[in-house]
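Look through the structure first, then read on.

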Amino acid sequence: MAAEDASIRTLEHTPTWALATVCFVFISVSCVLEHIFHLLTNWLNRSRRTALGEAVNKLKSELMLLGFMSLMLAVTQKPISKICIPANLANSMLPCRKEVASTLTAVQNYGNFAGNFVGSLSLENGLRVKNILWGHRSLLADDDGVNISDDPCSSKGKVSLISEKGIQQLHKFIFVLAVMHIVYGVLTMALGWTKMRRWEAWEKESRTTEYQVANDPNRFRLTRQTTFGRRHIETWTKISPLLWMIGFLRQFFNSVAKVDYLTLRHGFISAHLSTRNVNHFNFQEYIQRSLDDDFKAVVSISPLKWFLVVIFLLLDVHGWNVYHWISYVPLVIVLVVGAKLEVIVAKMAFRIDDQNCVSRGTPLVQPNDNLFWFGQPRFVLVLIHFVLFVIQFGLELCYHENTAFIVARVVLA
């Protein structure tokens with residue numbers, strides 16, 4: 001009895017030291033996180049990484065939005081749980097298989113049996129049996145220890161729209177979504193920086209005398225005989241299915257070769273800068289700043305993405321295996337995008353050979369938006385953003401029912 005009273009006591013009967021300790025821990029953690037964000041933003045601004053600083057501020061805004069959603073759920077938890085719906089409607093489109101009969105029906109039948117049985121006994125034996133029956137009835141409470149008789153909808157023969165336990169689980173879902181949003185954003189940037197560290201050495205090499213002599217503009221060569229031409233220009237690669245097959249396989253092995261980087265660098269500088277600024281331009285830093293700008297789009301969650309969250313939650317019906325099939329979507333998109341980028345580089349090499357079979361110095365590629373899907377290079381960024389957003393949803397609610405699904409979900413994500 002004492003344990004039951006302790007579990008439901010309010011703040012009026014809670015020691016002040018316990019309340020102060022919990023508040024102190026939460027306030028301290030919040031202040032530390034806020035200070036870390038502040039220091040990170042100031043360091044990025046001092047490092048002239050203003051775009052990345054704006055991305056951090058955008059990330060803070062998204063976390064504030066998730067926190068506000070969690071606060072609204074906490075405030076409206078009781079009113080939502082008091083919204084009653086018919087039992088047959090509540091048993092439709094369940095995310096997990098319902099293995100037992102309705103607990104509410106069991107309690108009602110148990111109570112009717114108790115009333116009839118106790119009425120036929122003597123007073124002493126009746127009270128003894130009644131206590132036993134009420135003790136067993138407490139075992140029919142839900143997992144949180146809340147007796148079903150306390151449900152305001154049970155007296156109406158209905159069930160809650162979402163129980164208080166369900167709202168608590170939704171709180172956890174929002175928290176996990178916020179954490180994974182940060183983790184995947186940071187992981188994306190870390191992988192990008194790791195990839196570009198190799199390009200820093202290539203950028204330094206482009207300023208050496210040996211590189212300038214080897215790519216002297218007064219030196220004429222057949223385009224097919226250049227390193228870039230030998231890598232991409234082959235007669236059989238002009239067949240579209242074979243080209244896509246080569247691009248698909250090449251993304252797994254040396255997807256960005258040094259010759260590709262140096263050739264694209266030369267083409268970018270020739271298209272956007274004058275000749276006298278060639279040796280002063282750092283193409284690797286330009287790509288890094290572009291990555292910082294793209295990171296702002298990656299960490300943001302548009303209203304369309306929130307609409308997708310609602311759709312995914314709606315379709316998470318037991319037996320449909322929606323989350324299992326969604327696991328394949330990010331993998332397919334990433335592989336297709338990687339192959340597409342390899343195909344774009346190869347097509348630029350084909351255009352050089354078609355326009356002029358002789359190259360002066362480094363082959364001059366001409367980037368064109370028409371090489372991308374729908375003529376929109378930013379569509380690739382939209383797909384990457386979608387991939388990062390989809391893989392944040394983790395496992396389906398009933399992951400324990402099928403081990404194969406959980407393994408596939410983890411591996412593919």
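## The disulfide

Which residues form a disulfide, and how far apart are their sulfur atoms? The model is predicted, and C84 and C153 form the pair, with 1.9 Å between the sulfurs. The structure holds one disulfide. A disulfide covalently bonds the sulfur atoms of two cysteines.

Where do the two partners lie? C84 sits in strand β1, residues 84–86. C153 sits in the loop between α7 (123–138) and β2 (158–160). The bond therefore ties together parts that are 69 residues apart in sequence. The S-S torsion of C84 and C153 is about -85°, so this disulfide is left-handed.

Is C153 buried or exposed? C153 has a relative accessible area of 0%, so C153 is buried. The cut-off for buried is under 20%.

C23 and C31 give other values. C23 has a relative accessible area of 38% and is partly exposed. C31 is partly exposed too, at 48%. Partly exposed covers the range between the buried limit and the exposed limit of over 50%.

## T263 in helix α12

T263 belongs to helix α12, which spans residues 258–272. Its relative accessibility is 3%, so T263 counts as buried.

Which residues does T263 touch, leaving aside those up to four places away in sequence? The contacts are F228, T362, P363 and V365.

## Aromatic pairs

How many aromatic pairs does a search of the whole structure find? The search gives twelve. One of them joins F268 and F283. Their ring centres are 5.4 Å apart, and the planes make an angle of 45°, a tilted arrangement. F268 is in helix α12, while F283 is in helix α13, residues 283–299. This pair therefore ties together parts that are 15 residues apart in sequence. Both F268 and F283 are buried.

F283 also pairs with F281. That pair is tilted as well, at 6.5 Å centre to centre and 45° between the planes. F281 has 15% relative accessibility, so F281 counts as buried. For F283 the relative accessible area is 9%.

## The ring cluster

Which residues do ring pairs link into a cluster? The members are W199, W202, Y261, F268, F281, F283 and Y286. F268, F281 and F283, described above, are among them.

Key: Residues numbered from 1 in each chain as written. Predicted model: local features only at pLDDT ≥ 70, side-chain atom pairs only at ≥ 80, totals over all residues. Heavy atoms only, no water. Disulfide = S-S within 2.5 Å. Helix = DSSP H or I, 4+ residues; strand = E, 2+ residues; numbered from the N terminus. Buried < 20%, exposed > 50% of the residue type's maximum accessible area, 1.4 Å probe, protein only. Contact = heavy atoms within 4.5 Å. Phe/Tyr/Trp six-rings, centres within 6.5 Å; stacked < 30°, edge-to-face > 60°.
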